[in-house]
Amino acid sequence: MNEKRKGYFSLLQKIFALAHPPVHSLKQEGAIFMEKYDSRMAHRVWNRVWAEPDTESCGHLLMCEAQALADYTKLQRQFPELKQPAEDIAHHIACLRGIKFLKEGLRPAPVTTKPREEPLDTALRRCYAGSLKAAGEYAALSEDPEYGCVYVQLAAAKRRHCRILLEIIGRTDKAYTRK
(Lines give C-alpha, C1' and ligand atoms only; values in the text may rest on other atoms or scores of the structure.)
Protein backbone atom coordinates (compact mmCIF):
# COMPACT_ATOMS: atom_id res chain seq x y z
CA MET A 1 0.00 0.00 0.00
CA ASN A 2 1.51 3.33 -0.93
CA GLU A 3 2.04 6.17 1.52
CA LYS A 4 -1.07 8.12 0.45
CA ARG A 5 -3.29 5.11 1.06
CA LYS A 6 -1.63 4.41 4.43
CA GLY A 7 -2.28 8.01 5.42
CA TYR A 8 -5.97 7.80 4.54
CA PHE A 9 -6.30 4.47 6.27
CA SER A 10 -4.69 5.65 9.53
CA LEU A 11 -6.82 8.82 9.45
CA LEU A 12 -9.97 6.73 9.12
CA GLN A 13 -8.88 4.52 12.02
CA LYS A 14 -8.43 7.59 14.23
CA ILE A 15 -11.79 9.06 13.22
CA PHE A 16 -13.50 5.76 13.89
CA ALA A 17 -11.81 5.41 17.29
CA LEU A 18 -12.98 8.92 18.30
CA ALA A 19 -16.52 8.34 17.08
CA HIS A 20 -16.85 4.93 18.73
CA PRO A 21 -15.26 4.77 22.18
CA PRO A 22 -14.81 1.39 23.88
CA VAL A 23 -18.14 -0.03 24.99
CA HIS A 24 -17.11 -2.51 27.65
CA SER A 25 -19.02 -0.62 30.37
CA LEU A 26 -22.16 -0.52 28.22
CA LYS A 27 -21.83 -4.22 27.53
CA GLN A 28 -22.14 -4.99 31.24
CA GLU A 29 -25.33 -2.94 31.50
CA GLY A 30 -26.95 -4.81 28.59
CA ALA A 31 -27.04 -1.84 26.20
CA ILE A 32 -26.84 -2.22 22.45
CA PHE A 33 -23.28 -1.65 21.26
CA MET A 34 -21.26 -1.71 18.09
CA GLU A 35 -18.78 -4.51 17.51
CA LYS A 36 -15.05 -3.82 17.55
CA TYR A 37 -13.58 -2.16 14.46
CA ASP A 38 -12.28 -4.79 12.04
CA SER A 39 -9.08 -3.50 10.46
CA ARG A 40 -8.85 -6.43 8.00
CA MET A 41 -12.24 -5.54 6.58
CA ALA A 42 -11.21 -1.90 6.28
CA HIS A 43 -8.04 -2.94 4.42
CA ARG A 44 -10.09 -4.95 1.93
CA VAL A 45 -12.55 -2.10 1.38
CA TRP A 46 -9.86 0.53 0.87
CA ASN A 47 -7.81 -1.72 -1.41
CA ARG A 48 -10.90 -2.10 -3.58
CA VAL A 49 -11.62 1.65 -3.49
CA TRP A 50 -8.07 2.65 -4.39
CA ALA A 51 -7.49 -0.17 -6.88
CA GLU A 52 -6.30 0.82 -10.30
CA PRO A 53 -8.78 -0.05 -13.06
CA ASP A 54 -7.78 -3.05 -15.15
CA THR A 55 -7.99 -1.68 -18.66
CA GLU A 56 -5.15 -3.74 -20.12
CA SER A 57 -7.51 -6.64 -20.79
CA CYS A 58 -9.97 -4.34 -22.60
CA GLY A 59 -7.23 -2.87 -24.78
CA HIS A 60 -5.89 -6.32 -25.70
CA LEU A 61 -9.35 -7.67 -26.45
CA LEU A 62 -10.18 -4.57 -28.52
CA MET A 63 -7.14 -5.20 -30.73
CA CYS A 64 -7.99 -8.91 -31.09
CA GLU A 65 -11.61 -8.16 -31.94
CA ALA A 66 -10.61 -5.50 -34.49
CA GLN A 67 -8.34 -8.01 -36.23
CA ALA A 68 -11.10 -10.64 -36.11
CA LEU A 69 -13.58 -8.16 -37.65
CA ALA A 70 -11.20 -7.46 -40.51
CA ASP A 71 -10.62 -11.18 -41.10
CA TYR A 72 -14.31 -12.12 -40.87
CA THR A 73 -15.28 -9.30 -43.20
CA LYS A 74 -12.83 -10.61 -45.78
CA LEU A 75 -13.94 -14.24 -45.32
CA GLN A 76 -17.68 -13.50 -45.46
CA ARG A 77 -17.34 -12.87 -49.20
CA GLN A 78 -16.73 -16.61 -49.59
CA PHE A 79 -18.79 -17.79 -46.62
CA PRO A 80 -22.03 -15.82 -46.17
CA GLU A 81 -22.69 -17.55 -42.84
CA LEU A 82 -19.89 -15.42 -41.34
CA LYS A 83 -21.99 -12.26 -41.78
CA GLN A 84 -23.68 -12.67 -38.37
CA PRO A 85 -20.42 -13.36 -36.50
CA ALA A 86 -18.89 -10.27 -38.15
CA GLU A 87 -21.84 -8.18 -36.94
CA ASP A 88 -21.46 -9.72 -33.47
CA ILE A 89 -17.80 -8.75 -33.40
CA ALA A 90 -18.70 -5.15 -34.27
CA HIS A 91 -21.03 -5.19 -31.25
CA HIS A 92 -18.26 -6.71 -29.11
CA ILE A 93 -15.95 -3.87 -30.08
CA ALA A 94 -18.62 -1.32 -29.12
CA CYS A 95 -19.13 -3.04 -25.73
CA LEU A 96 -15.39 -3.17 -25.03
CA ARG A 97 -15.03 0.49 -25.97
CA GLY A 98 -17.88 1.30 -23.58
CA ILE A 99 -16.31 -0.68 -20.75
CA LYS A 100 -12.94 0.94 -21.36
CA PHE A 101 -14.58 4.39 -21.34
CA LEU A 102 -16.38 3.69 -18.06
CA LYS A 103 -13.19 2.39 -16.43
CA GLU A 104 -10.81 5.08 -17.69
CA GLY A 105 -13.10 8.05 -18.23
CA LEU A 106 -11.66 8.69 -21.70
CA ARG A 107 -12.98 7.63 -25.08
CA PRO A 108 -10.64 5.01 -26.57
CA ALA A 109 -9.30 5.73 -30.04
CA PRO A 110 -10.94 3.75 -32.84
CA VAL A 111 -9.08 0.57 -33.65
CA THR A 112 -8.80 -0.50 -37.27
CA THR A 113 -6.70 -3.23 -38.81
CA LYS A 114 -6.29 -4.80 -42.22
CA PRO A 115 -7.19 -8.42 -42.92
CA ARG A 116 -4.27 -10.82 -43.06
CA GLU A 117 -3.13 -12.03 -46.46
CA GLU A 118 -3.01 -15.81 -46.07
CA PRO A 119 -4.48 -18.95 -47.63
CA LEU A 120 -8.13 -19.71 -46.96
CA ASP A 121 -7.60 -22.75 -44.73
CA THR A 122 -5.00 -20.89 -42.65
CA ALA A 123 -7.33 -17.90 -42.25
CA LEU A 124 -10.19 -20.13 -41.08
CA ARG A 125 -7.96 -21.96 -38.61
CA ARG A 126 -6.58 -18.68 -37.28
CA CYS A 127 -10.10 -17.28 -36.85
CA TYR A 128 -11.15 -20.42 -34.98
CA ALA A 129 -8.11 -20.29 -32.69
CA GLY A 130 -8.69 -16.58 -32.04
CA SER A 131 -12.37 -17.10 -31.23
CA LEU A 132 -11.55 -19.96 -28.90
CA LYS A 133 -8.90 -17.90 -27.11
CA ALA A 134 -11.22 -14.88 -26.83
CA ALA A 135 -14.00 -17.09 -25.41
CA GLY A 136 -11.58 -18.23 -22.71
CA GLU A 137 -10.47 -14.68 -21.94
CA TYR A 138 -14.06 -13.47 -21.69
CA ALA A 139 -14.92 -16.41 -19.44
CA ALA A 140 -11.98 -15.53 -17.18
CA LEU A 141 -13.22 -11.92 -16.99
CA SER A 142 -16.75 -13.03 -16.10
CA GLU A 143 -15.84 -12.78 -12.40
CA ASP A 144 -15.70 -9.00 -12.73
CA PRO A 145 -18.34 -7.66 -10.30
CA GLU A 146 -19.34 -4.77 -12.54
CA TYR A 147 -19.10 -6.10 -16.10
CA GLY A 148 -19.07 -9.87 -15.56
CA CYS A 149 -22.54 -10.35 -17.05
CA VAL A 150 -21.41 -8.67 -20.27
CA TYR A 151 -18.30 -10.84 -20.47
CA VAL A 152 -20.45 -13.96 -20.04
CA GLN A 153 -22.54 -12.97 -23.06
CA LEU A 154 -19.45 -12.15 -25.13
CA ALA A 155 -17.96 -15.57 -24.27
CA ALA A 156 -21.18 -17.32 -25.36
CA ALA A 157 -21.12 -15.44 -28.68
CA LYS A 158 -17.49 -16.44 -29.23
CA ARG A 159 -18.38 -20.10 -28.62
CA ARG A 160 -21.12 -19.79 -31.28
CA HIS A 161 -18.52 -18.34 -33.67
CA CYS A 162 -16.28 -21.35 -32.95
CA ARG A 163 -19.10 -23.72 -33.88
CA ILE A 164 -19.80 -21.88 -37.14
CA LEU A 165 -16.11 -21.85 -38.04
CA LEU A 166 -15.77 -25.57 -37.31
CA GLU A 167 -18.66 -26.28 -39.68
CA ILE A 168 -17.03 -24.20 -42.39
CA ILE A 169 -13.64 -25.83 -41.82
CA GLY A 170 -15.28 -29.25 -41.99
CA ARG A 171 -16.88 -28.41 -45.33
CA THR A 172 -13.79 -26.83 -46.84
CA ASP A 173 -11.54 -29.73 -45.75
CA LYS A 174 -13.86 -32.08 -47.69
CA ALA A 175 -13.56 -29.82 -50.72
CA TYR A 176 -9.75 -29.89 -50.51
CA THR A 177 -9.58 -33.69 -50.22
CA ARG A 178 -11.79 -34.20 -53.30
CA LYS A 179 -9.50 -32.21 -55.57
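Lysine 103 and aspartate 144 pair their side chains in a salt bridge, 3.7 Å from N to O. The term covers a side-chain nitrogen of Lys or Arg within 4 Å of a carboxyl oxygen of Asp or Glu. Lysine 103 sits in helix H5 and aspartate 144 in the loop between helix H6 (120-141) and H7; the two are 41 residues apart.

This is a predicted model: local features need pLDDT of at least 70, side-chain atom pairs count only at pLDDT 80 or more, and totals for chains, interfaces and linings use all residues. Residues are numbered from 1 along each chain as its sequence is written, and side-chain values use heavy atoms, without hydrogens and water.

The structure holds eight salt bridges. Three of them are tabulated here.

| Pair | Closest N and O atoms |
|---|---|
| Lysine 158 – glutamate 65 | 3.0 Å |
| Arginine 171 – glutamate 81 | 2.0 Å |

Lysine 158 is buried at 2% relative accessibility. Glutamate 65 is buried too, at 1%. Buried means under 20% relative accessible area, exposed over 50%, partly exposed in between (1.4 Å probe, protein chains only).

Arginine 171 is partly exposed at 43%, as is glutamate 81 at 30%.

The protein chain has seven helices and zero strands. Both are DSSP runs, numbered from the N terminus: helices are H or I with at least four residues, strands E with at least two. Of its 179 residues, 29% count as buried.
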